[in-house]
Amino acid sequence: MEMSKAELASAAAVTGSQTQELMGAEVLIKALQAEGVKYVWGYPGGAVLYIYDAFYKQDTIQHVLVRHEQAAVHAADGYARATGDVGVALVTSGPGLTNAVTGIATAYMDSIPMVIISGQVPTAAIGLDAFQECDTVGITRPIVKHNFLVKDPKDLAVTMKKAFHIARSGRPGPVVVDVPKDVSFKKVTYSGYPEKIEMRSYNPVRKGHGGQIRKALQLLLTAKRPYIYTGGGVLLGNATNELRTLVDMLGYPVTNTLMGLGAYPASDRKFLGMLGMHGTIEANNAMQNCDVLLAVGARFDDRVIGNPKHFAQNERKIIHIDIDPSSISKRVKVDIPIVGDVKDVLTELISMIRESTTRPDSGALATWWDTIESWRSKDCLKYDRGNKDVIKPQHVIETLWNMTKDADTYITSDVGQHQMWAAQYYRFEEPRRWINSGGLGTMGVGIPYAMGIKLAKPDSEVFCVTGEGSVQMCIQELSTCLQYNTPIKIVSLNNRYLGMVRQWQEIEYSGRYSHSYMDALPNFVKLAEAYGHVGMLIERPQDVEPALREARKLKDRTVFMDFRTDPTENVFPMVQAGKGITEMLLGSEDL
Ligand SMILES: Cc1cc2nc3c(=O)[nH]c(=O)nc-3n(C[C@H](O)[C@H](O)[C@H](O)COP(=O)(O)OP(=O)(O)OC[C@H]3O[C@@H](n4cnc5c(N)ncnc54)[C@H](O)[C@@H]3O)c2cc1C
Ligand SMILES: Cc1ncc(C[n+]2csc(CCOP(=O)(O)OP(=O)(O)O)c2C)c(N)n1
Ligand SMILES: [Mg+2]
């Protein structure tokens, strides 16, 4: 039975007398309960056995036994992305932790709030090449927002409080708490979980500077060719309503990064689609040609601005709202920086607009929209829709979107061409529905993300769009899906290639396809069946829709759909390495 956050917190309270003698491991459980944690994804081993013993003795938190530690972190990360809560994973020392590293780095690059608890060898053995010892703090330092090695069980409760606070506040990120075996074993006097935490050296700013916001407003209202460029920060800061209000008030064009899809509804005319390396013509041209750019929770990634010299060729004024001062003027020079939480800053900006008597220049705006519509009319996402011989990957995604757009749906993806097609052709209307790895670009996240989400959202439909390469990187989790009854639908766009690599080799390496062909693929239908699930092979375009329909009907089953797609298809538009964002290849005729 699922417990509410209040019930979980009361389980963490001290019962009877004012204090209790508890083992470190029990304090850890109390901390998780107090933080309202419902699920922990993990894998046991020697250094965490006291913690597992403490899990055994409680029934408020569900532990999910994965098949590989990488997947534990990905599943908790997917859960965090979909719900906004802190995702929690538990791994043992040494190989448990090193297996988790890819998951931690993935969460770090996309600023996802997580707490990863790792076991460590006993304090007295640290540094002695003990069995399954590794320098967890050292290994994870560059890929965490913060990490802790707890040396005294007395510090456990306060350290956990800090870990959750750091993970979810400011620019979110993963925090590792390394717990030596003796610390989880020793008894300590527990007098309750701290209610508040003060950290002298860590005080993220929430409220933006009023003067800066006013300057931004003036610039925005005098713009002739304004553009709103938004990213993952809008989702992380739960500010989609504020963004929608702002865009409606101003009537300005808006784009999302790969990480921001769903922050603004894709069906609205003011939305120009995703921008960047595989962005639309209208989104990229507007980025290059605008005169005032409002960047909201987006970090001017190299996949977004292309060649920085080319980007700088056009003059534009840039306003940048970001909670992390180190994101500002990191890659491009910003004219009006506003450090603060996107929700707070947008709320203030909106109320200033309401009070202001100045209105956007409607004449200039109409001309700007005409230009944008002429770009949009090129219909850069068109493809061979009527092909009856071979399944076009875009067709699978479009069909999926058509069938599920009014349903309660989550789409996870792996990394490669299929990821880009999902981003381009599945039109996201709502935040936190598109779950993928952008910054690290980690193949293998798709299934664990989906199973993490399905656990939290059992009534939603969860699809994992993947490729035959990526899916094999965490395919063992099909077993976890069966054990925990998390029925997901896997849409594998099987082109028999590491397609994104093949595409680069075709375009940048004169067609020298070095090790990008996947030979000896397994029979995915049989593989799915061997794991206790349903497998389907789909080879003809006319079977795409019926297959998806049938899979959706099998509500309680995990279904692996092996779509044999066109092996030669490429993702367009594409900005090649070193090119400017308006120098796009639009199709194979440009090659
Ligand atoms: C194969 C592949 C192709 C790709 N192609 C593209 C592409 O064509 N286009 C594209 O856009 N991306 C693409 N990417 C993704 C790209 O690598 C980056 O991950 C992405 O562009 C970064 O998105 P973002 O700027 O929204 O930043 P995020 O990584 O989402 O960063 C969020 C920003 O918001 C800030 N922030 C966080 N919380 C708050 C808050 N509460 N208030 C204010 N600010 C906050 C953070 O400090 C940070 O600066 C691709 C990735 C892969 C793997
Ligand atoms: C862990 C990892 N290793 C290597 C890469 C480099 N890489 C990016 S896309 C890609 C190919 C993915 O192939 P597949 O999953 O079949 O997807 P497709 O591009 O064919 O749709 C590779 C190897 C990566 N992103 N992640
Ligand atoms: Mg492939």
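Helix H18 (417–425) and helix H21 (499–508) each supply at least two residues of the shell around ligand 2. The model shown here is predicted. Of the elements that build this shell, H21 gives the most, with three residues.

How many residues surround ligand 2? The shell has 17 residues, and the closest are Gln417, His418, Gly441, Ser470 and Gly499. Sorted by class, the shell consists of seven nonpolar, nine polar and one charged residues.

A polar backbone atom of methionine 500 is 2.9 Å from an oxygen atom of ligand 2. Glutamate 468 takes part through its side chain, where an N or O atom is 3.1 Å from an oxygen atom of ligand 2. For methionine 443, a backbone N or O atom lies 3.4 Å from a nitrogen atom of the ligand. Taken alone, ligand 2 exposes 590 Å², and the protein buries 76% of that.

Serine 510 has a relative accessible area of 62%, so it is exposed, the cut-off being over 50%. Alanine 520 counts as exposed because its relative accessibility is 74%.

Proline 573 lies in the loop between strand S20 (559–564) and strand S21 (574–575). The peptide bond that leads from phenylalanine 572 to proline 573 is cis, and its omega is near -10°.

Which residues make the nonpolar surface patch of about 230 Å²? Tyr108, Met109 and Leu440 make this patch. Methionine 109 belongs to helix H5, which covers residues 95–109. Is methionine 109 buried, exposed or partly exposed? Its relative accessible area is 32%, so methionine 109 is partly exposed. Residues in a patch need over 30% relative accessible area, and the 32% of methionine 109 is therefore enough on that count.

Notes
Residues are numbered from 1 along each chain as its sequence is written. Chains are lettered from A and ligands numbered from 1 in the order in which they are written. This is a predicted model: local features need pLDDT of at least 70, side-chain atom pairs count only at pLDDT 80 or more; totals for chains, interfaces and linings use all residues. Side-chain values use heavy atoms; hydrogens and water are left out. Patches are made of residues with over 30% relative accessible area and no salt bridge: like charges are joined within 9 Å, nonpolar side chains (Val, Leu, Ile, Met, Phe, Trp, Tyr) within 5 Å. Accessible areas come from the Shrake-Rupley method with a 1.4 Å probe; for residues, only the protein chains shown count as cover. A salt bridge is a side-chain nitrogen of Lys or Arg within 4 Å of a carboxyl oxygen of Asp or Glu. Helices (H or I, at least four residues) and strands (E, at least two) are DSSP runs, numbered from the N terminus. Buried means under 20% relative accessible area, exposed over 50%, partly exposed in between (1.4 Å probe, protein chains only). A residue is near a molecule or strand if one of its heavy atoms lies within 4 Å of it. A polar contact is a pair of N or O atoms within 3.5 Å; within protein, one must be able to donate a hydrogen and the other to accept it, and residues adjacent in sequence count only if both atoms are side-chain atoms. Ala, Val, Leu, Ile, Met, Phe, Trp, Tyr, Cys and Pro count as nonpolar, Asp, Glu, Lys and Arg as charged, and the others, Gly among them, as polar.
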